[in-house]
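Hi,

Here is the structure I promised to pass on to you.

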Number of protein chains: 2
Amino acid sequence: MSDNLEVVDITKLNALAAGTNKRTPRVVAAGLGGKLMGTKGLVNVTAEQIADDSVKAMDTKNAKSMTLAEKDELDKQKYLKIQHISEKPWTLSNWYQHINWLNMILVVVIPVYGFVSAIRYPPLWKTTLLGLVLYVFSGISITAGYHRLYAHKSYDAALPVRLFFALFGAGAVEGSIKWWGHSHRVHHRYTDTPRDPYDARQGFWYSHMGWMLSIPNPKNRARADISDLTSDWVVNFQHRHYLTLMVFMALVLPTLIAGLGWGDYWGGFIYGGILKTFVIQQATFCVNSLAHWIGIQPFDDRRTPRDHAVTAFVTFGEGYHNFHHEFPSDYRNALKWYQYDPTKITIWFLSKIGLAWNLKTFSQNAIEQGLIQQEQKKLDLMKAKLNWGSQVSELPVWDREEFNTRAKKEGLLIIAGIIHNVSKFIKEHPGGQALVRASIGKDATKAFNGAVYAHSNAAHNLLSSMRVAVLQDGDVRSNTFDLQQEYLDKKIE
Amino acid sequence: MSDNLEVVDITKLNALAAGTNKRTPRVVAAGLGGKLMGTKGLVNVTAEQIADDSVKAMDTKNAKSMTLAEKDELDKQKYLKIQHISEKPWTLSNWYQHINWLNMILVVVIPVYGFVSAIRYPPLWKTTLLGLVLYVFSGISITAGYHRLYAHKSYDAALPVRLFFALFGAGAVEGSIKWWGHSHRVHHRYTDTPRDPYDARQGFWYSHMGWMLSIPNPKNRARADISDLTSDWVVNFQHRHYLTLMVFMALVLPTLIAGLGWGDYWGGFIYGGILKTFVIQQATFCVNSLAHWIGIQPFDDRRTPRDHAVTAFVTFGEGYHNFHHEFPSDYRNALKWYQYDPTKITIWFLSKIGLAWNLKTFSQNAIEQGLIQQEQKKLDLMKAKLNWGSQVSELPVWDREEFNTRAKKEGLLIIAGIIHNVSKFIKEHPGGQALVRASIGKDATKAFNGAVYAHSNAAHNLLSSMRVAVLQDGDVRSNTFDLQQEYLDKKIE
Ligand code: HEM
Ligand code: HEM
Ligand SMILES: [Fe+2]
Ligand SMILES: [Fe+2]
Ligand SMILES: [Fe+2]
Ligand SMILES: [Fe+2]
């Protein structure tokens with residue numbers, strides 16, 4: 001298969017897919033901002049170091065400094081010798097080391113504080129409305145922005161739209177576009193493997209929040225190319241100033257609006273800030289848990305993603321997740337008019353007013369192919385559970401002599417060159433006993449196939465369950481239903 | 001195919017199926033009783049004559065008097081020369097000859113009279129209840145008795161049950177068991193042909209009532225064996241005294257009960273008699289019209305019978321008619337617990353108290369085979385509408401030389417020995433442009449099938465739509481999805 005045919009270099013292509021060959025420097029935030037929501041793993045190296053490494057990545061042997069790939073490899077080697085915390089059992093003395101405390105504070109401690117405060121401070125309706133509006137803005141920024149625009153490039157958007165997504169997306173407190181997009185691409189590429197950050201096979205709880213609340217095993221670290229993201233200054237800007245933007249958009253802005261607007265600083269902070277953020281976070285987490293857990297699998301049942309209206313409802317339409325994993329760069333998640341996908345509507349609307357373009361869709365042909373193949377698979381499984389009668393090739397061959405000797409005694413008749421034992425069926429025959437009795441010991445091919453009665457599909461199935469032998473030199477036809485059709489169409493006499 | 005192999009005699013078997021060979025005399029009612037609801041066609045000859053004929057039927061040439069088959073033949077010959085009324089157009093001067101006036105009176109005139117009387121005579125609730133009870137008794141007698149017991153022999157029943165069915169069935173004013181069972185068997189054997197008495201292809205109205213209100217064409221007369229019916233004295237008794245029984249059960253009995261019971265003779269006559277009968281008649285007619293008109297076809301779509309909950313509801317459960325035509329001797333019409341089939345429940349209940357036995361069912365295997373084959377048929381139709389890419393055998397064969405020359409320019413790459421044009425797809429690739437670009441001009445089989453990314457079913461479908469040629473001496477695999485599975489299962493390296 002070689003000669004003058006070049007085969008792709010798998011290692012190089014994998015480096016390409018992981019983005020470890022890029023000249024474009026990886027822009028990373030340092031300090032606490034860089035550690036938010038798991039960014040730590042991605043930014044353990046300095047920006048200069050990554051930029052330097054990436055250039056050398058295609059030719060690793062000569063590199064002065066390490067490439068990302070080499071660094072990952074080194075990490076793996078290191079933890080071959082010593083145990084990483086994630087590989088140790090949880091004990092009374094080490095449990096706190098297992099936990100990602102930063103995330104614990106952001107997605108558990110602060111929300112709990114918010115709920116407790118809310119009990120003693122009922123909401124004003126104006127503040128509730130503010131919370132709702134911000135919920136929609138930040139939620140849509142995650143689904144239409146972080147997810148479909150950035151992680152999947154399913155369309156292009158104008159600067160104001162990208163800025164809106166970057167700002168209100170930061171307000172959802174789910175990490176920067178850069179970090180989020182990276183993890184999400186890794187999730188798509190390694191779905192249901194140890195490298196999948198939200199590996200749904202580890203249970204509902206793990207894929208919902210467990211993965212971010214615990215320290216992951218560096219052995220499973222995977223990378224994906226995000227050079228297209230880092231070439232957008234909006235992404236880089238948001239990543240660099242993530243901490244500031246997050247605190248401002250999530251908490252300060254609602255506090256100020258409610259406070260300066262109608263004097264409800266505290267309500268704005270709790271309802272427009274903490275609780276709104278909590279709801280968006282939980283909704284997004286549902287895409288990793290619920291969407292891999294409940295619902296149907298119209299396109300692929302080898303992996304966990306599923307379609308469910310409930311998931312769609314809580315996630316602005318991200319609930320048709322079986323479709324989405326199959327056609328990730330389609331700007332739609334739901335295809336049917338009655339399925340809930342407001343994110344799709346938003347993108348479509350943006351395109352109508354000129355703020356979005358290049359909306360990507362997969363061909364209807366490809367989509368229907370998938371549906372049909374999956375149906376076929378289900379059907380084949382059901383078929384395999386039923387008894388379809390003996391294959392003609394498995395049957396013994398009898399000569400006429402043998403048939404004639406045994407026919408009357410055993411209750412045999414011939415249809416389409418095949419000998420059938422009808423003794424048990426005579427009494428069951430819906431067309432009466434007499435006709436079957438009169439056919440015993442004879443060839444009833446024509447009678448059965450229309451000359452007396454053109455039998456139903458069901459009758460042909462029953463017939464094949466009665467096969468006992470094949471007639472020597474007979475005109476054997478294993479599909480008697482097709483044979484009957486030929487008689488009826490007068491293709492044969 | 002002959003030699004010492006006997007082939008059934010189609011003519012003899014057809015005589016058998018039509019019952020024209022029977023020694024058992026056909027018992028017929030004479031006069032008006034014999035003409036009710038279409039019996040005329042069946043009893044045009046005297047009882048003695050038929051009995052005599054039937055004996056000779058297997059050997060028609062020597063018959064002194066005519067067999068039924070010969071009589072039918074003679075009728076046909078006669079109307080080859082002169083036109084039968086059914087073949088003439090309806091005109092102002094002959095329209096009354098087209099109409100079966102007896103049936104017109106029984107199913108139209110009397111009910112109209114009942115409705116008009118009802119306007120001026122509102123019902124008492126006791127009388128309404130009586131009407132309802134008689135409606136259920138007579139309705140069930142038609143479905144569980146006339147239809148499933150007698151026409152289809154789907155179970156055996158004790159004498160009291162048979163008497164109940166014969167009496168209350170007569171009260172439905174739909175003809176005798178004998179006539180009804182005969183027409184019904186003809187309907188099953190000749191469904192959707194000119195010989196089908198209720199031929200649904202002639203429209204809803206014709207199959208509902210038109211067929212019985214007009215004079216049928218004797219050319220289309222068909223017969224079915226009912227010797228099993230005439231061997232039950234209950235059937236013969238009912239047929240012989242049909243007129244008396246019908247009038248008594250349909251009209252006299254309710255009039256007497258309501259009159260002697262609570263002094264409401266007139267109400268008993270109208271509501272318990274005329275209107276109750278009207279409702280049962282219409283319900284039964286729906287099995288011939290509605291059940292061949294609305295609903296789904298899970299078992300067979302070549303013919304008109306259909307399954308619909310509404311039909312089931314108005315017909316005591318006879319609405320799963322697609323199933324019924326496929327499995328006519330099954331005592332059930334509906335299989336699922338949530339489907340409405342009180343007739344099935346009644347039969348099952350009778351069997352539990354020892355009044356019914358030998359309940360026939362088709363094997364679950366045969367039923368599921370039918371469902372699956374029908375699904376397969378639908379799927380094949382959908383498949384045929386889609387583009388599945390070029391067949392490998394239709395593609396031109398290129399040598400490596402040719403591939404290498406054209407690859408870069410045209411954007412070609414090789415997967416599984418097949419050359420694909422990916423130029424238009426590069427920008428659409430959900431995994432990014434770089435990977436596809438880097439694979440152009442090369443063999444990307446392994447990369448595509450898991451070494452870089454194990455592609456979805458959808459990706460494999462898209463791939464086959466990009467086929468342009470086959471590589472000379474290449475390891476051609478047309479099903480790349482299976483190939484990928486082999487790589488993933490490590491069956492190949
Ligand atoms: C031994 C294999 C046979 C099987 C499994 C079989 C099966 C059936 C089944 C399931 C039906 C119900 C209606 C339908 O499915 O279309 C039926 C009806 C019928 N069969 Fe057969 N049959 C067999 C042999 C025969 C033969 C040899 C004859 C004639 C020579 C015959 C004549 C009829 C007739 C006339 C009906 C119509 C009954 C009606 O719908 O009223 N069958 N048969
Ligand atoms: C030219 C034929 C190709 C087609 C039709 C194709 C199609 C697709 C499709 C439909 C996806 C979406 C996810 C999925 O379906 O599994 C995808 C993703 C991907 N493809 Fe391809 N691809 C092609 C070639 C390649 C090649 C040659 C490579 C690598 C050398 C590659 C690498 C990837 C990767 C890494 C992803 C993962 C993207 C993600 O889920 O984030 N593809 N491809
Ligand atoms: Fe997912
Ligand atoms: Fe996604
Ligand atoms: Fe029917
Ligand atoms: Fe029937």
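This is a predicted model: local features need pLDDT of at least 70, side-chain atom pairs count only at pLDDT 80 or more; totals for chains, interfaces and linings use all residues.

Residues are numbered from 1 along each chain as its sequence is written, chains are lettered from A and ligands numbered from 1 in the order in which they are written, and side-chain values use heavy atoms, with hydrogens and water left out.

**Ligand 2**

The iron atom of ligand 2 is coordinated by NE2 of H429(B) and NE2 of H455(B), at 1.9 to 2.0 Å. (Donors are N, O and S atoms within 2.8 Å of the metal, or 3.2 Å for Na, K and Ca; water is not among the atoms, so sites may look incomplete.) The site is octahedral, with angles of 87 to 179 degrees among the six donor atoms; that label requires opposite donors over 155 degrees apart and all others between 65 and 115. For reference, ideal angles for six octahedral donors are 90 or 180 degrees. Both H429(B) and H455(B) are buried, meaning under 20% relative accessible area with a 1.4 Å probe and protein chains only.

**Ligand 6**

Five histidines hold this iron ion through NE2: H147(B), H152(B), H184(B), H188(B) and H324(B), at 2.0 to 2.2 Å. Their spacing in sequence is H-x4-H-x31-H-x3-H-x135-H. H152(B) sits in the loop between helix 8 (125-151) and strand 2 (156-157) of chain B and H324(B) in helix 17 (residues 321-326) of chain B, so this pair ties together parts 172 residues apart in sequence. (Helices, H or I with at least four residues, and strands, E with at least two, are DSSP runs numbered from the N terminus.) H152(B) and H324(B) are both buried. The iron ion (ligand 5) is 5.8 Å from the iron ion (ligand 6).

**Ligand 1**

Which chains surround ligand 1? Residues from chains A and B do, so the site is shared between chains. The shell has 24 residues, the closest being V422(A), H429(A), Y453(A), H455(A) and S456(A); a residue counts if one of its heavy atoms lies within 4 Å.

Best wishes

Methods: Four donors count as tetrahedral if all angles lie between 85 and 135 degrees; four count as square planar and six as octahedral if opposite donors are over 155 degrees apart and all others between 65 and 115; anything else is irregular. Buried means under 20% relative accessible area, exposed over 50%, partly exposed in between (1.4 Å probe, protein chains only).
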